[in-house]
Amino acid sequence: MKESLKNSELNLSQEAANLAAQLKLHNKSIAIAESLSGGLACSSLVSLPGISAYLKAGVVAYSEEAKASILAVDLDSLPERKVVSAKCAEAMLVGLEKLITTDLGLSLTGNAGPEASSGEAVGRVFIGARNGEKYLVREYNFSGNREEIRIKAVISAYRLILELLN
């Protein structure tokens, strides 16, 4: 394993612990809808003892079909039907909120590579965060290999929800 990937994984563990501490401090529950991260955001939190008091659900909706059937994302409402978009990240949050009631929500969609897909550059990611009725969606462009992009996306998602929380 490359040194940079080891450092990224260490950073991910630290960021997960920081988010867990803030969830506990503020007594907030969270649910996460993931696509490109494939469950990494939930898995990193689940590795921490006591997280079950705050992490209520995780959904991996990797395909377009899963986004539509599980999270009720209306693919026809997306610009050019692109799931790598701000509109999709927001729709994933809305769908997640309909599945389970939590204080906070996160969504991640994008292209982790290794090559461009549906015209979307490798590393292009949209992350959505929800705190109550307040929604925030940001676009990111990460570099690195597939695993590094996934880790960077999850770290950025944790930081985005903390921005809304604090």
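Predicted model: local features only at pLDDT ≥ 70, side-chain atom pairs only at ≥ 80, totals over all residues.
In soluble globular proteins, nonpolar side chains tend to be buried together. The largest nonpolar core of this model has 37 residues, and the members that touch the most others are Ile 32, Leu 106, Leu 108 and Tyr 158. Two or more residues of this core come from each of helix 1 (3-26), strand 1 (30-34), helix 2 (40-46), strand 3 (104-110), strand 4 (124-131) and helix 5 (146-165). Helix 5 gives the most, with 12 residues.

Strand 3 is mostly covered, since seven of its seven residues are buried. In a regular strand the side chains alternate between the two faces of the sheet. In strand 3 both faces are covered: one side carries the buried residues Leu 104, Leu 106, Leu 108 and Gly 110, and the other carries the buried residues Gly 105, Ser 107 and Thr 109.

Strand 3 pairs with two other strands. It runs parallel to strand 1, to which five bridges join it. Within this pairing, Ala 33 has Ser 107 as its bridge partner in strand 3. With strand 4, strand 3 pairs in the antiparallel sense over seven bridges. Here Gly 105 stands opposite Arg 130 of strand 4.

Ser 29 is found in the loop between helix 1 and strand 1. Its relative accessible area is 10%, and because buried means under 20%, Ser 29 counts as buried. Leaving out residues up to four places away in sequence, Ser 29 touches Tyr 54, Lys 56, Thr 102, Asp 103 and Leu 104.

**Helix 3**

Helix 3 covers residues 64-71, and its buried residues include Ala 66, Lys 67 and Leu 71. These three lie on the same side of helix 3, because they cover an arc of only 100 degrees around the axis. An α-helix has 3.6 residues a turn, so residues three or four places apart point the same way. The face of helix 3 turned away from the buried side carries the exposed residues Glu 65 and Ser 69. On the buried side, the residues of helix 3 pack against strand 1, strand 2 (55-60), helix 4 (86-99) and strand 3.

Glu 64 also lies in helix 3. With a relative accessible area of 35%, Glu 64 is partly exposed. Apart from neighbours within four places in sequence, Glu 64 is in contact with Leu 75, Arg 81 and Val 83. Glu 64 and Pro 114 are 50 residues apart along the chain, and their C-alpha atoms are separated by 19 Å.

**Pocket and cavity**

The largest pocket has a volume of about 360 Å³. Its lining is made of 22 residues, and those that lie nearest its centre are Val 83, Val 84, Gly 110, Asn 111 and Ser 117. Helix 3 and strand 3 are the elements that give two or more residues to this lining.

The model has one cavity of 30 Å³ or more, and the volume of the largest cavity is about 30 Å³. Its lining consists of Ala 31, Leu 93, Leu 96, Glu 97, Ile 100, Thr 102, Leu 104, Gly 105 and Arg 130. Helix 4 and strand 3 each supply at least two of the lining residues. The largest share, three residues, comes from helix 4.

**Backbone features**

Most residues other than glycine have a negative phi, and most peptide bonds are trans.

| Residue | Phi | Relative accessible area |
|---|---|---|
| Ala 72 | about 55 degrees | 54% |
| Glu 80 | about 55 degrees | 69% |

Because exposed means over 50%, Ala 72 counts as exposed at 54%, and Glu 80 is exposed at 69%.

A further backbone feature concerns the peptide bond between Gly 113 and Pro 114, which is cis, with omega about 20 degrees. Pro 114 is in the loop between strand 3 and strand 4.

Methods. Residues numbered from 1 in each chain as written. Heavy atoms only, no water. Core = buried A, V, L, I, M, F, W, Y, C linked by side-chain atoms within 4.5 Å. Buried < 20%, exposed > 50% of the residue type's maximum accessible area, 1.4 Å probe, protein only. Helix = DSSP H or I, 4+ residues; strand = E, 2+ residues; numbered from the N terminus. Contact = heavy atoms within 4.5 Å. Pairing = 2+ DSSP bridges. Arc of directions from axis to C-beta. 1 Å grid on protein atoms, 1.4 Å probe; cavity = no way out; pocket = protein on both sides within 12 Å on 5 of 7 lines; lining within 4 Å. Points joined across faces, edges and corners; volume = space filled by probe spheres on them.
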